[in-house]
Amino acid sequence: MNPYIYKRIIRSIVVFFIILIINFILPRAMPGNPASILANQYNLPAATVEILIKEWKLDAPLYEQFIAYIKSLFTGQWGYSYQYYPRTVYEIVMERLPWTLLLQGTTTVTVGLTGILLGILAGWRRGKISDTLITLSAVIVYAIPYYWLALLLQYFLGYKLRLFPISQALTPGAVYNSWFDYVVDVLRHLALPVLAVTLTAYASYTLITRNTMIDLLGEDFVFVSRAMGLPENKIMRMVARNAMLPPITMLTIRVGYIIGGAVITETIFSYPGLGYLIYQSIIYKDYPVLNAAFFMLSVTIILANLAADFIYMFLDPRIRYGERR
Amino acid sequence: MPKKESIIKAINMIIIKNSKGLAGISIVLFFVFMAILAPYIAPYDPYAVVGKPLQPPSPQHWLGTNDIGQDIWSEVLYGSRTSLLVGLTAPFIATLIALVLGLLAGYKGGVIDELISGAIDIMLALPTLPLIIILAAYLGPSLLNIILILAFFGWAGGARVFRAQVMSLRSREYVEAARALGASGMRIMFIHILPSLTPIILADIVMGATSAILTEAGLSFLGLGDPTVKSWGQILRHAQASYALQLDLWLWIFVPGLFIALLGTGFALIGFAIEEYMNPRIRQKI
């Protein structure tokens, strides 16, 4: 194996541990303690606050808390949630995780497909009307805030036309006669968040795919292939396959931000995923949940970045076509 | 070494000859004028209660009034100040940090490079949005805090690009020649390498502006913005919290969001134009 790979992996592990330390320090460095926040919320007497602080070991020295934190992360004993006490963090996270994976998995596919296909089309037909239209629309939606589009979709498609439900992941209190009804309900609730994210996020993938296409179409191998009389659709497929590498790398990195990126989307749609949970946990300073959630976040980001690096290393067209720049 | 004429030529290529650049600079200037002239063109004081709450749009209140009876159009006009301030200062600070660290890492190499590259790796792998939310929630919601937070989380990508660029420039003939003639490291960095980074620096700032504007609006939308100044994200927040859509007051949401998108697009267009200037192959086929 390439020594670069070892170096990269060791480096990622070091980075990961430093991030674990940052994840521990930042939430705790902020003023206010979770017991008194809960006490305010539910009008708890001072004696209860004392008990909670003891119970949650919030008065223990920081290094002891840190050792307990590291131990709990790696043993999977994530403890009890403060805000949903006495439910365990593991239970809550596992209940929320599938919804986030469903929502973000779907958007990753729709964003990637829409973005890359439109980019290939625009790059291939560069200078033509279809290119102008695709590029122009991508440039316009590039900076649209997705939460704004989400609100407008909620209004027009959800509230006015009543096409799709505007919040939650399932109809509250619904009884399903078959698994098919269940799936339809899930998909209907998925529609607006997926649409809002896809319509705003595809643009950067389209632009980078298009630019890479145009870059590649100017390369000698395209010129030679044309001179050899290769049919145009074959050339297009050859160029498109290579133009997909930068956006696929970008998409891989995006996978790392799946959980963190869900915070605002899920909050708007009251979608019961991890993003919404993280937002609530920050507000309530629910350390055990934040510990577990940030741990998972950091693991996914680091793995995704590593994967992106390796994809780039093995598939970079410059490596395959030889260094010429 | 870029001379004065070539800088003028570059500006000409980026914002006059390039339709994207021209559109981008026009949009940004439009909002700059809106921000400067806000006190003169706003029909009301945006902080004053000037009517009944939750009124629909009317000739007196173009976008209606908000949940406490302030004029929404005046709020929107003043909101341009916040977005522009954050959108210009945060990426400027971030790019400055990125530039200093990128130059040091790329030019000095060795241990300094290892340390800076490590810091870049860490910054790029942090769960940024949740950490920004934590910091904004607990540092206190002031505009200065938000600018500093955005700058702190915004430098790593740029630093990586600058570092790579400096490393490749370091071995160019003209830099080698300067070194052979006895120029100091500082002189080489600032006189010989820095000028050729100008387009990347500008691209980094304007692209950073788009993301800073979107993030600031997102934070304000979540209620983590500065409550004492009007901002577009904050207007959206109040609109959503007052069930504006259910009350059919959709312009209350439509206009501030549109302005966020427009200003963000304006900066992004300038960024695309700079990118095309740096990579002529993309440009020639348009």
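This is a predicted model: local features need pLDDT of at least 70, side-chain atom pairs count only at pLDDT 80 or more; totals for chains, interfaces and linings use all residues.
The side chain of A:Lys160 meets that of B:Asp248 in a salt bridge, with 3.2 Å from N to O. This pair crosses between chains: A:Lys160 belongs to helix H7 of chain A (residues 146-160), while B:Asp248 lies in the loop of chain B between helix H10 (232-241) and helix H11 (251-278). B:Asp248 has a relative accessibility of 38% and is therefore classed as partly exposed, because values between 20% and 50% fall in that class.

Over all chains, the search of the whole structure gives 10 salt bridges. Another of these joins B:Asp121 to A:Arg11 through their side chains, at 2.8 Å from N to O. Here too the pair crosses between chains, with B:Asp121 in helix H4 of chain B (residues 110-125) and A:Arg11 in helix H1 of chain A. B:Asp121 counts as buried because its relative accessible area is 14%, and the cut-off for that class is under 20%. In general, side chains of opposite charge can pair when their charged atoms come close.

Within chain B, the side chains of B:Lys20 and B:Glu276 also form a salt bridge, at 2.7 Å from N to O. Distant parts of the chain are linked by this pair, since B:Lys20 is in helix H2 and B:Glu276 is in helix H11 of chain B, 256 residues apart. Both B:Lys20 and B:Glu276 are buried. In chain A, salt bridges with shared partners connect A:Arg87, A:Glu91 and A:Glu95 in one network.

Aromatic side chains were examined next. The count of aromatic pairs over all chains is 28. One of them is formed by A:Phe16 and A:Phe295, a tilted pair with 6.0 Å between the centres and 55° between the planes. This pair links distant parts of chain A: helix H1 (residues 3-29) holds A:Phe16, helix H14 (residues 287-315) holds A:Phe295, and the two are 279 residues apart. A:Phe16 and A:Phe295 are both buried. A further pair, B:Phe152 with B:Phe153, is edge-to-face, at 5.2 Å centre to centre and 85° between the planes. The pair is classed as edge-to-face because the angle between the planes is over 60 degrees. B:Phe152 has 43% relative accessibility and so counts as partly exposed, whereas B:Phe153, at 14%, counts as buried.

Ring pairs also build a cluster with members from chains A and B, namely A:Trp148, A:Tyr155, A:Phe156, A:Tyr159, B:Trp250 and B:Phe254.

Two backbone positions deserve mention. Most residues other than glycine have a negative phi. A:Ser270, although not a glycine, has a positive phi of about 45°. A:Ser270 is located in the loop of chain A between helix H12 (258-268) and helix H13 (274-284). Its relative accessibility is 24%, which means that A:Ser270 is classed as partly exposed. B:Leu54 is likewise not a glycine, yet has a positive phi of about 55°. The loop of chain B that contains B:Leu54 runs between helix H2 (19-41) and helix H3 (72-108). With a relative accessible area of 33%, B:Leu54 is partly exposed.

For chain A as a whole, the secondary structure consists of 15 helices and 0 strands. The C-alpha trace of chain A spans about 85 × 60 × 35 Å along its principal axes. Of the 325 residues in chain A, 49% are buried. Among contacts in chain A with a separation of 6 or more, 75% come from residues 24 or more positions apart. Chain A has an accessible surface of about 16,000 Å², and carbon and sulfur atoms account for 68% of that surface.

Conventions. Residues are numbered from 1 along each chain as its sequence is written. Chains are lettered from A and ligands numbered from 1 in the order in which they are written. Side-chain values use heavy atoms; hydrogens and water are left out. Helices (H or I, at least four residues) and strands (E, at least two) are DSSP runs, numbered from the N terminus. Buried means under 20% relative accessible area, exposed over 50%, partly exposed in between (1.4 Å probe, protein chains only). Rings of Phe, Tyr and Trp (its six-membered ring) pair if their centres lie within 6.5 Å; planes under 30 degrees apart count as stacked, over 60 as edge-to-face and the rest as tilted. A salt bridge is a side-chain nitrogen of Lys or Arg within 4 Å of a carboxyl oxygen of Asp or Glu. Contact means heavy atoms within 4.5 Å. Accessible areas come from the Shrake-Rupley method with a 1.4 Å probe; for residues, only the protein chains shown count as cover.
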